[in-house]
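Reader: Could you walk me through this structure, starting with the rings and then turning to where the chains meet?
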Amino acid sequence: MAQPSIDDMTHQLTQHHMQQSEKIETMYLTFPVEAELYGVAIAKVTEIVGLQRIMSVPDVPAYIKGVINLRGKVIPLMDIRLRFGLPEKDYDDRTVVIVLQIADAPIGLIVDGVNEVLDIPDDQIDRPRSYAPGDGGSLVKGLARLDDRVAIILEADLLVDTSEITLPQVENV
Amino acid sequence: MNPRPEQQNETASTAALLRVSSDKIGRLMDLVGELSLSVAETINTPELAGLDLEAFDAAAHRLTMIVREVQDAATELRLVPVAEVFRRLKRMVRELERETGKEILLDLRGEDTAIDKLVADRLYDPLLHVVRNAADHGLEDNASREAIGKPRAGRIILSAAQVGSEVRIQVIDDGRGLNYDRILTKAREKGMFGPQELPERSVLWKAIFEPGFSTAEAVTTLSGRGVGMDVLNTTMKDLRGRITVDSDEGKGTAVALHIPVSLAFLDSLILRLGPQLYCVPIDDIAEIAKPDAAGQVQISVADGAEMLRLRDRFIPVCRLERFFGDETATALNSLSEMVAIVFETSTGPLAIAVDEVLDRQQVVMKPLAGALRHLRASWGFALLATGDIAVVLDCERLANKESAA
């Protein structure tokens, strides 16, 4: 499957942001993880960048690989495979970072690559209550019926939900 | 009312003053930060490595110096004297005198101490809370004071002073002081200490800053409801500050707020530990030592705790790999192969072990946000001249955690 270049993607993104702001609510950026196709609301995506040198930081969950300096902004990077509990895969020249803005803070998702931006109207998205026996299902906002495929729409806000990570609180006096 | 001399000075020099919105200054600060990073990136670009560029190096050096000065000048733009905050508190103390019926002498010191405008704007509420507590709970009423041979009027000293890169603001009263037993009983009720635990005084005093903590028998309209401490704690956390308390029963209480002068730039030392970079404010560092084999003590009975023997002192060593629970860290290097950075914290000296000291830099601070906000014992991230990112350590919280573990 031919992967569009980062420049193409960013161009597409900007186009969507600028011209179709009224439709932005139903636009999704899709990306493959193993054999599955995932989608994340375009409204949350600020840009797509190539992988750059990651600085390791302490005291973060294993799926946070570190931080990058993106034009003076510190952006934590989350390996989407590790976040989904899949085995780690070496990064290659197709690996890209999807930068999302979630609740005032940026986060970068490290993905194997990105596919196209799709317009998926709400009535094409099924929202069953739960997909998984555990809490994992809450990450899924819905399943989108595409022509011959299914895209799993992610609840981006919950990707960085830290409620499942209980770090000891330090008194700050 | 006498016109205050400070105000007169201000009117006299109005012609030389400009009113600028803080947004504009904030934007300037951001740009100066980016400028200094870009300059450093340009100068350190790997393409120049190995080239003999005498004129370039001289020009680069000049450029670096100028950027540094621009940075300092930009930082100074935001510095204002604490006098304005103090003036507002002075009015509040008059109010308190009326409400409590106590005579209070307010002594202001170090009013021209400069502090970041952003800090000054947020200082009034927490300070008001501390002053209220001093007036309401600290000071005895006039009659009781006379009965125990103290001057009739209670005294509150409000003082500001710059100590290193911190501004220390103290509220000192000469009232009844804190009662160890009463506070301990109350703290135990709240489950802060076990029934057998006898915390150190300085540790116990911190309990009074816990939300919902109040030992005053009568809840007055002024204070004693245990609210307001939230404001104090939140503000101090946001401002990267800390609170210390000192008290002598019968003689009075001193509450000190320690706040960094500027929130934007930090003069610091860059340290490397494995793949990670750390950054420590230069004023926090007491000493840098290269431990030899005789200088390290391992205590197996205390979970393999390590001590550094430095001249005639034993200093606990904090291994950041352990502190942060890094499972990928394999066997720790022996201390003698590492560099020890020694801090003097309010809970005593503490050393951390790092692989090497890289550089001394004026770094740009970025706060912790989003997925990173739970990072412990850290002020935020520092953007380095190389474009790298370091974790800024807060050695006070590092030390607190260590003593609590």
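Author: What follows is a short talk about aromatic rings and then about the interface. This is a predicted model, in which local features need pLDDT of at least 70, side-chain atom pairs count only at pLDDT 80 or more, and totals for chains, interfaces and linings use all residues. Residues are numbered from 1 along each chain as its sequence is written, chains are lettered from A and ligands numbered from 1 in the order in which they are written, and side-chain values use heavy atoms, with hydrogens and water left out.

Reader: How many aromatic pairs are there over all chains?
Author: There are five, where rings of Phe, Tyr and Trp (its six-membered ring) pair if their centres lie within 6.5 Å, and planes under 30 degrees apart count as stacked, over 60 as edge-to-face and the rest as tilted. One of them joins Tyr38(A) and Phe84(A), which are tilted, at 4.9 Å centre to centre with 40 degrees between the planes.

Reader: And is Tyr38(A) buried or exposed?
Author: Tyr38(A) is buried, with a relative accessible area of 9%, given that buried means under 20%, exposed over 50% and partly exposed in between (1.4 Å probe, protein chains only). Ring pairs also link Tyr38(A) with Phe31(A) and Phe84(A) into a cluster.

Reader: Switching to the contact, how many residues does each chain give?
Author: Chain A gives 25 residues and chain B gives 28, counting heavy atoms within 4.5 Å as contact.

Reader: Which side chains meet in a salt bridge there?
Author: The rule finds two salt bridges across the interface, including one between Asp388(B) and Arg53(A) at 2.2 Å, N to O (a side-chain nitrogen of Lys or Arg within 4 Å of a carboxyl oxygen of Asp or Glu).
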